[in-house]
Amino acid sequence: MMKKIFKFNIMKFIIPILLAFLVGSIILLISNINPISAFYNLFIGAFGSGRAFLSTLYYATPLILTGTATAIAFKANLFYMGVEGALYIGGFCSSLAGIYFHGLPPYIHIPIALLIGMITGGLFAMIPGILKGILDVNEMVTSIMLNYVAILGTTYLASFPFKAKDAGFSATEMVEKSAVIPKIFDSSMVHYGLFLSLIFAILIYIMFKKSTFGYDIESMGKNVNFSESCGMQTAKKTIYIITLSGALGGLAGAMEVLGTYKRFIAGFSSGLGWDGLTISLLSNNNPIGVIFSSIFFGGLYSGGAQMELLADVPRTIISVIQGLIIFFLAVDFTVKRFKKIKSR
């Protein structure tokens, strides 16, 4: 049975990717580009050397957190889409902690700044959580709308009240050196936040499998009405789940600010929260699967640069492949829903 489940999950991971690359190959052929050369360079750029793999891990670091954050909500059948907004709020608030807290050693300053990013990301997510849990307001709509508030709000703050005097763009001052997450290797951008991402993904996996809260999340995901009729306080759980999801999103933003940019920059995210959605779907909302899916997506970003440089293929083809993966995952999801409805 376990072998069958394992095989099913692997196929669920591989089939959408293969189909996406197949359609991507057709698009490249129509454009008179050799797909074998393009994807070979993509693979070499992502995994062809130690340096390439470190670059892949660098891109995967925030994705592990945003993917895990989305998986928590999706596991409970809650369509919370606010990870991107939580990432901005957490990133901005942790940057302030990095700028204005002085005289702290790194082993205190870094955890405090990260914790502030987590807390503010969680508080931000609590708003749609409360609206969903108490008033049954659609969490997808409220969280998407709040994303705009977070992105535009932090852009304003980084452009005017907190704008660095010497910056020619919308950004805060640089954080103190004591708040910077150090690199693992000087030759690579990957920093120690990678280990933190892995730890949180594993902890959430253990929570799903071993804790009462994890059981409640799975139970709500299967049938929220049944869970409520069994005495579960689903409203309260909904608030907790969405808040936890936002907290991980806030932590992802804090790590990007403290580990990569060393300051908050308006629009710094290239859609990390939205990528987390695809990664979560691709991994069937399994945090361990999220790690591998994130490395795959990190490879797409890392290898995309080499593909563009050596095979003269626009990096936008990576966005096309990501979109196709979402499309084929959505097809699989729709077919399952149709079968479920038909069996009733």
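A salt bridge here is a side-chain nitrogen of Lys or Arg within 4 Å of a carboxyl oxygen of Asp or Glu, and accessible areas come from the Shrake-Rupley method with a 1.4 Å probe, with only the protein chains shown counting as cover for residues.

Please keep in mind that this is a predicted model, in which local features need pLDDT of at least 70, side-chain atom pairs count only at pLDDT 80 or more, and totals for chains, interfaces and linings use all residues. Residues are numbered from 1 along each chain as its sequence is written, and side-chain values use heavy atoms, leaving out hydrogens and water.

Let me begin with the patch, which is nonpolar, covers about 590 Å² and is made by Phe79, Met140, Val141, Met145, Tyr148 and Leu152. Leu152 belongs to helix H6, residues 139–159 (helices are DSSP runs of H or I, at least four residues, numbered from the N terminus). Leu152 has a relative accessible area of 58%, so it counts as exposed (over 50%, whereas buried means under 20% and partly exposed lies in between).

Ser269, by contrast, is buried at 10%, and sits in the loop between helix H10 (234–261) and helix H11 (272–282). Setting aside residues up to four places away in sequence, Ser269 touches Glu84, Leu87 and Tyr88, where contact means heavy atoms within 4.5 Å.

Finally, Gly214 lies in helix H8, residues 212–222, and is buried, with 1% relative accessibility.

Methods
Patches are made of residues with over 30% relative accessible area and no salt bridge: like charges are joined within 9 Å, nonpolar side chains (Val, Leu, Ile, Met, Phe, Trp, Tyr) within 5 Å. Helices (H or I, at least four residues) and strands (E, at least two) are DSSP runs, numbered from the N terminus. Buried means under 20% relative accessible area, exposed over 50%, partly exposed in between (1.4 Å probe, protein chains only).
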